[in-house]
Amino acid sequence: MPALACVDAAVPPPGYAFPTTWDGSLPVPEPFSGSTPDTGLHPLLHPTSPWSTDLSASLYKVDGWGAPYFYINSAGNMSVRPHGAATLPHQQLDLMKVVKKATEPKSAGGLGLPLPLIVRFPDVLRDRLESLNAAFEFAVQANGYGSHYQGVYPVKCNQDRYIVEDLVEFGAPFRFGLEAGSKPELLLAMSCLTKGSPDAFLVCNGYKDEEYVALALISRTIGINTVIVLEQEEELDTVIETSRRVGVKPVIGLRAKLRTKHSGHFGSTSGEKGKFGLTTAQILSVVSKLGQVEMLDCLQLLHFHIGSQIPNTALLADGVSEAAQIYCELTRLGASMRVIDVGGGLGIDYDGTHSGGSDLSVGYGLDEYAATVVQAVRYVCDQKGVRHPVLCSESGRALVSHHSVLIFEAFSASQPASLELRQNLAYYLDQLTDDARADYRNLMASAVQGDYDTCNVYAEQLKKRCAEQFKDGMLGLEHLAAVDDLCELVAREIGAAKPVREYHINLSLFTSIPDLWAIGQLFPILPIHHLDQRPGVDGVLLDLTCDSDGKVDRFIDGRSSLPLHELGSIEGGGYYLGMFLGGAYQEALGGLHNLFGGPSVVRVSQSDGPHCFTVTRAVPGASCADVLRAMQHEPELMFDSLKRRIEEYSLGDSKACAISHAFYSMPYLVYGTHLSGDGMVSDSEGSSGVTEEGSGYDDDDDEWDMMRCLSV
């Protein structure tokens, strides 16, 4: 084993490329006849011209996935057009101004909310709802359709109270209703629809027991237009028996298993082997049973679902046509049919490609979707001489995805390897084993010849061989460091791919972007400011959790890294990134990995005031106590035991105060606030609860009042 003693002067091995006074440069390589290697950088990152916001928009495909709601303003910040294409210039909202208002301390005029942060835009929600209804209204009029459209929002997409209440309020002029798939969802839908249109549908999907059915029947007695959709044949017996017991005549729908199916990830719930729905034989059985009990007039709705994110209108037309045939057959068999519910599937364009070949995009817009549904139903019904039914859709993703933005901060980043070479580099390289020195010589020869691919092969081989020898005790740390320095130098000298940097973000992917981890769903992610400056770093995002899956290393456009700015070049605050189009599913699916709770939330409406917006609601994310309670811990008792231990050690009240504060703060990291001598945040504004209208702080929790008293 080579000696590891330090030497004052390294003696270079004879014939090697590095003299004792080596300046760290390689000989100029001969011209390389091969093509220039792919550096992994977006072509726009090559510094051939001054940077602009237009180049950033192209780089991050903002005009593709963001239209008509998101764009980059002249200041280089992501901005929101809350009314879509109808937004006037003075109504556009600078996202950085919203973040500043939400996160600055109350003493500076802000709300003192910690990051991460969800910003909701109810104006965008209204515009999506109005646009969907306008698309169907135009299609109905243009095609001479003999009925109308009235959709429902599936609350499973996002059950947040204010989102559901907004949709009921905004949808009242359109008779827009709700869809529920469980008893809790049914209860919230019933409650919200008491303030909606009396004609709005409440569509009851999902597995049902007697209590579920009873709730649905009771809702009809209080003026709610509820339809119980049979997902399984055996549910019919429950509906019949419960309706007799409650004394309420039901309105029944059934879900058909269509042959039509799309092959993407979201198509697994459709087709003959789908999880829900009735086969043709089961449909005939249901019709027969209803006829026997003289309830065939109760069957009024046909529902189907060919999968979320339907990629193109050809597949949509195929499914709707098949369902329309079933609808007409049910009419022929004596059912009092009046509604076709085409289910979900209205997709959105996550990657901005407007293509129909992946789960990340769709090859149509709202107008084309509506026209396809209307034309397919009208054609079949006209052929069969059946009256045109009311059209219903359960469009959730398309309604709520755009209305919220998740904001988080990059608080640190890995640094590129230093180019400062050790004075005794040649000495340690000379002490490598014979086979490692052979790799070294081959690496240098390839570098001089400009053979990029061969350089990479020998560099990886050299590092791997030395790592194995280190594990066997044949080499020391100095040898490994020398090899790493050499390979880094060679890579930079020959212009190899820029190393991808790791950006650490104040976020839990498992809590806030679970679909990214669970099913590989990609969302547009980009900086929300400094977009008038050239991003000079390729990075991946690592979250706060201890899990190796807690990272973002796949992005739209097929990239394995994201163009970012150097953290050291950011002036005047932190470096903020946004995840867009995540308003559906992410919050309800989020977990508590490492006990990281949900983000803070602000609700922002466009206004004619000096800042163009008003924060109508602001709520901090779950506190440490909240997430501990979720796992059956009792924060009050925990604090009490810790306080007694502090008293036993005579540590003083300040330590108890610090621990008390930790319980009611958010689990995420806190930066930019004054810390006490105990390393705890001394200004409570960053974790206080903010109530309606963004004014006032919720300090009425008796439990925490008690804990604060105990800590004094």
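Predicted model: local features only at pLDDT ≥ 70, side-chain atom pairs only at ≥ 80, totals over all residues.
1. Overall picture. The protein has 712 residues, and 54% of them are buried. DSSP runs give 23 helices and 21 strands. If you take contacts between residues at least 6 apart in sequence, 75% of them join residues at least 24 apart.

2. The main core. The largest nonpolar core counts 157 residues, and those with the most contacts inside it are Met78, Tyr153, Leu330, Ile407, Leu541, Phe580 and Val602. Helix α11, covering residues 366-384, is the top contributor to this core with 10 residues. There is also a second, separate core, with 22 residues, among them Tyr428, Ala459, Ala482 and Cys487. As background, nonpolar side chains in soluble globular proteins tend to be buried together.

3. A look around Leu541. This residue is one of those with the most contacts inside the largest core. Setting aside neighbours within four places in sequence, Leu541 is in contact with Phe408, Tyr503, Ile505, Ile525, Gly550, Lys551, Val552, Phe555, Leu564 and Leu577. So if you click on Leu541 in the viewer, that is the list to bring up with it.

4. Cavities, and the largest one. I get five cavities of 30 Å³ or more in the structure. What is the class make-up of the lining of the largest cavity? Nonpolar residues number 11, charged residues three, and there are no polar ones.

5. The lining consists of Ile118, Ser404, Val405, Leu406, Ser512, Met579, Gly582, Gly583, Gln586 and Glu587. By class, the lining of the second largest cavity splits into four nonpolar, five polar and one charged.

6. An unreviewed UniProt entry lists Lys156 for "modified residue: N6-(pyridoxal phosphate)lysine". In the model, Lys156 lies in the loop between β5 (152-154) and α5 (161-171). Is Lys156 buried, exposed or partly exposed? The relative accessible area of Lys156 is 43%, so this lysine counts as partly exposed. Not counting residues up to four places away in sequence, Lys156 touches Glu185, Tyr585 and Ala588.

7. The unreviewed UniProt entry lists Cys546 for "active site". Where is Cys546 placed? The loop between β16 (537-542) and β17 (551-552) carries this cysteine. With a relative accessible area of 65%, which is over 50%, Cys546 is classed as exposed. Leaving out residues up to four places away in sequence, Cys546 touches His593 and Asn594.

8. The two annotated sites together. Both labels come from the UniProt record, in an unreviewed entry. On the structural side, Lys156 is partly exposed, whereas Cys546 is exposed. Each sits in a loop: Lys156 between β5 and α5, Cys546 between β16 and β17.

Conventions. Residues numbered from 1 in each chain as written. Heavy atoms only, no water. Core = buried A, V, L, I, M, F, W, Y, C linked by side-chain atoms within 4.5 Å. Buried < 20%, exposed > 50% of the residue type's maximum accessible area, 1.4 Å probe, protein only. Helix = DSSP H or I, 4+ residues; strand = E, 2+ residues; numbered from the N terminus. Contact = heavy atoms within 4.5 Å. UniProt positions renumbered as here; feature names shortened; annotations may be inferred. 1 Å grid on protein atoms, 1.4 Å probe; cavity = no way out; pocket = protein on both sides within 12 Å on 5 of 7 lines; lining within 4 Å. Points joined across faces, edges and corners; volume = space filled by probe spheres on them. Nonpolar A, V, L, I, M, F, W, Y, C, P; charged D, E, K, R; others polar.
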